[in-house]
Amino acid sequence: MSLTRQDVAKVGMLARLALTEADLERMTGELSKIVNFVSQLSELDTAAVEPLAHPLESRNVFREDVPAPSLSTEQALANAPRQDGSCFLVPAVLGESGAA
Amino acid sequence: MTAHANSAAEPYTIVIGLEVHVQLQTKTKLFCGCSTTFGSPPNTQVCPTCLGLPGSLPVMNRQAFDLALRAALALDCQIARFTKWDRKNYFYPDLPKGYQISQYDLPFSHSGQLEVVDPKGAFSRRVRITRVHLEEDAGKSMHDEAAGTADTRIDLNRAGTPLCEIVSEPDLRSPQEARAWLNELKLLLVYLGVSDCNMQEGSLRVDANVNLHIPRGDGTVAKTPIVEIKNMNSFRSVERALIYEAARQFEEWQATGAELGSAPKQTRGWDDPAGVTRGQRAKEESSDYRYFPEPDLVPVTVSEEQLAAVRGEMGEPPTVLRQALADRWTITPYDADVLVNQGRDLVAYFEELATLAKDGKVASNWMQQDVLRTLNERGGTIGEFPVRPAAVADILGRIALGDFDTSRGREIFAAVLESGKTVADVVASLGIAAVDDAELESLCRELIAANPKIVADVQGGKEQAAAGLIGQAKKKNPNVNPGKVRAMCLTLIKQLG
C-alpha cells in the first residue's frame, strides 16, 4: 500500500501543517514506508483475538465529585503568547464553537 | 405509533433526527476538580488538566458517569458492559488539547427510546435513541464582531465540563413533534436531576438533522439531501428553524431536483432574528476527526449491581408521575400533564394542597387557574410562592362550608398574596363574616317583598329568574353565599303558595 500526495496533503491540512512541495514529496515516501511497516500486522490472523482497548489491565478508575482548587487566572494565563488579564487572545476566529 | 396528519398538508414528509448535548449536574468537571459553576469570571475555574498542559492526566468523575447512566436508563437504553473513551481530533482555539475526549465505537449506552404524547391527542410518537455517550465540553470563544479585526477571547471555564450527548434516530415527523419531544426530554432529565437543561446558560444544546421524503407520481420517493441545523437557542427556535428549512428544501428540490447522495451533508446555522438558515462550512467527515482510543483513561465496566443502584436512586419519571397523579386524585390526563410539566416542586405543592383539601379536582383547578397564573405573572419558583398549600386549603375549606363563594375565595387568595396575612386575618379584615340563617332569611323576605315580578316568574316555573334576587342580595350584603340565597328564596317563594 502506498499513500498518494493528496493523502499526505489532506493529513497535513488536518494537522494544520504548512507543507511545502518538497515536504510533500519527502513525506509521501516516508509515510508510505511507515504505513507499509505497520501493515505487516495484517498478515496475522486476528479473528480469534479480542480487540485491545487499553494496554493496562486496570478498569474503573474514578475520582469523587469533590472540588479541588483551580489555578489563579494569572497563573492560568502565564504562558499564553497573548492575553488581556482575563482571557487568552487568539487571532479572530468566526464560526461555531462548543463541543461537536 | 399513530399517523400524524400534516397540519398544512404539505406534499412531503419531514424526517427529523435530533442531537442533544446536556451538561450534567456535577460540582466538578469530568476529568479534574475544577468547579462547573456557571457565570464566574473568565479563566477562574481552570487547572493544568482542563487547560491541556503537558504532563497533566484526566481522572473520570464518578458522579458524571452515574448521572450519564441515569439518563441512559431513563431513555430505555441498553447499557454496554464495557465502555471506553476516544480522542476526537480537531483544531479550534477553545479546545486546548487539540482533541476532545469523547466516545466513538463503544459508547456506554445505545438503542433506547422516548415517547412523546400530545395531551390533546394531536400526535403520539415513539422516538428511538441511537446512543447516549459521555464526553467533555469545550471552552467559550468570544468575538466582538463590531470591532471587526479585534482578537477572539478564549474563556476555558467550561472546558472539561461533563456532557451527555443524546442522538435520536430520524423518527420525528414534524417541527411541532420535535419541539414537544424536546420538552419531554428536558422534563425527564430535570426530574431525574441529570441536568438543569438551562438553554440560556448552554446546559442544553440542540442540533437537528432534517430532510424531506417527497412522493413522486410514479410511486417512488425523492429524498432531499440531509441538512444539519445548528445555533438554535430555544425549543421555539428549533421549531421555527425546522419549519423554515422544510420549506427551503422543498423549494430547492423543485428548482434543482438535487437528491440525497448528490452532495455531502450540509451544515446550516439558524439566524433567529432573520428567521432563516444559512449555509456554513462543509461538515468534516467522521474519519477527519482521526478518532483513536484515549490512552490516558482506562475502560469502564458496568455491573448489574451498579445498574440496580443507579435505578434505585432514579425517582419517578414524568410519564409514571402523570399516570399516578391522574389515578390518585381522579383528575384528567390533561390536568395531570399540565401539573407534571411544571416540575417536581409544583407537583409536591399540588399534592399537599389536594391532601389538605381532600379534593384533587378542586385542588387541580385552583393550581391551574390561581396558583400557576399568579406564579407566571409574578415570576419566581413555586418554592418561594408566598401563599402556601395550607392557606389555599383553608380558603377551599371555607368555600366548602359555605362561608363564601369561589369568587370571594379568589379575592381572599389575592389579599393573602398581597398582604402576607393569614386567611383568618384577611377574612376578618375584609369584614367577611358568615351570615347566619336568621339574617339570611330576613334579607330574602325583604327581597321577595320588593320584587313581585321575579316572584311571579319563579312561580310560573322560571326558576332561573331567582338570579335577579341573588344579585340584589350580594349588593345589600357582600358576605352572603349566592347558593344559600337562591335556595332560601326558592323555599320562601314556594311557601307563599
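This is a predicted model: local features need pLDDT of at least 70, side-chain atom pairs count only at pLDDT 80 or more; totals for chains, interfaces and linings use all residues.

Q: What makes chain A more spread out than a compact globule?
A: Chain A has three helices and two strands, and from the N terminus on these elements run α-α-β-α-β. The globule rule gives 13 Å for 100 residues, whereas the radius of gyration of chain A is 22 Å; this value is well over the rule, so chain A is more spread out than a compact globule. The C-alpha atoms of chain A fill a box of roughly 55 × 45 × 25 Å along the principal axes. Of its 100 residues, 11% count as buried.

Q: Why is Asp76(B) called partly exposed?
A: A residue is buried with 20 or more other C-beta atoms within 10 Å of its own, and exposed with 12 or fewer. Asp76(B) has 15 such neighbours inside 10 Å, and therefore counts as partly exposed. Asp76(B) is found in the loop between helix H1 (62-74) and strand E3 (78-79) of chain B.

Q: What is noted about the phi of Asp76(B)?
A: The phi of Asp76(B) is near 65°, a positive value in a residue other than glycine.

Q: Why does Ser111(B) count as partly exposed?
A: The count for Ser111(B) is 14 C-beta neighbours inside 10 Å. Ser111(B) is placed in strand E7 (residues 109-117) of chain B, and has a positive phi of about 55° although it is not a glycine.

Q: Which residues have the most contacts inside the largest nonpolar core?
A: They are Ala68(B), Ala71(B) and Ala208(B), in a core of 73 residues. The largest share of this core, nine residues, comes from H1(B). Not counting residues up to four places away in sequence, Ala68(B) touches Leu24(B), Phe108(B), Val132(B), Leu134(B) and Cys164(B).

Q: Which residues are among those of the other core, which lies apart from the largest one?
A: This other core has 29 residues, among them Val347(B), Ala357(B), Ala363(B) and Val427(B).

Definitions and conventions
Residues are numbered from 1 along each chain as its sequence is written. Chains are lettered from A and ligands numbered from 1 in the order in which they are written. Helices (H or I, at least four residues) and strands (E, at least two) are DSSP runs, numbered from the N terminus. The radius of gyration is taken over C-alpha atoms; the globule rule is 2.2 Å times the number of residues to the power 0.38. A nonpolar core is a set of buried Ala, Val, Leu, Ile, Met, Phe, Trp, Tyr and Cys residues joined through C-beta atoms within 7 Å. Two residues are in contact if their C-beta atoms, placed from the backbone, lie within 7 Å.
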